[in-house]
Amino acid sequence: MIRFFLLQNRQGKTRLSKWYVEPNSNSASGSASNSPELEKVRIEAEVHRLVTARDKKYTNFIEYNNYKLIYRRYAGLFFTIAVDVADNELCYLETIHLFVELLDSYFSNVCELDIVFHFNKVYSILDEFMLAGEIEETSKREILDRVKLMEKIE
């Protein structure tokens, strides 16, 4: 199951953050009084630190707390998915690639500015792709058709 999906730039700015499971407030920091939002910010910063500092010769999988981080870098953006430890890493690496292909098809050569200025469309594409921490649809054509249908309704 997917715990969260993050899209961050090289400077650490989170461009997309979708949480399917609330973070544990009493994790590695030891402070049980943190609100869920503060805990999310802390985890996002720590994930960015781990992913950007990692050498390219290592795999794109990192065990972190009680789940596994799968990440991939496209241009200046890091796409990171946190999943259960027992889940298949390669499946989620393909999931990241399919999401990038969806964005690329929708925006025709996507860049970070497209994600910043059209964040609502990016979230709707993600919601058509993943639902409640599980992959809902894998057909690129089907997902893009649904998003375009939603645009017509709006």
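**Reading strands, cysteines and a helix face**

User: Which residue in strand E2 is the bridge partner of Phe4?

Analyst: Trp19 is the partner of Phe4 in E2. Note that this is a predicted model: local features need pLDDT of at least 70, side-chain atom pairs count only at pLDDT 80 or more, and totals for chains, interfaces and linings use all residues. Residues are numbered from 1 along each chain as its sequence is written, and side-chain values use heavy atoms, without hydrogens and water.

User: How many bridges join E1 to its partner strands E2 and E5?

Analyst: Strands (E, at least two residues) and helices (H or I, at least four) are DSSP runs, numbered from the N terminus. Two strands pair if DSSP finds at least two bridges between them. E1 (residues 2-9) meets E2 (residues 14-19) over 5 antiparallel bridges. With E5 (residues 77-84), E1 forms 7, also antiparallel. There, Phe5 has Ile81 as its bridge partner.

User: What lies between E1 and E2?

Analyst: A hairpin turn, with 4 residues between the strands. Gly12 in the turn has a positive phi of about 100°.

User: Is E1 mostly covered or mostly open?

Analyst: Buried means under 20% relative accessible area, exposed over 50%, partly exposed in between (1.4 Å probe, protein chains only). In E1, 7 of the 8 residues are buried. Cys91, at 36%, is partly exposed. So is Cys111, at 35%.

User: Which residues of H4 are buried?

Analyst: In H4 (residues 119-129), they are Lys121, Val122, Ile125, Leu126, Glu128 and Phe129. Down the axis of H4, these buried residues fall within an arc of 160°, so they line one face. The arc is taken from the directions from helix axis to C-beta atoms. An α-helix has 3.6 residues a turn, so residues three or four places apart point the same way.
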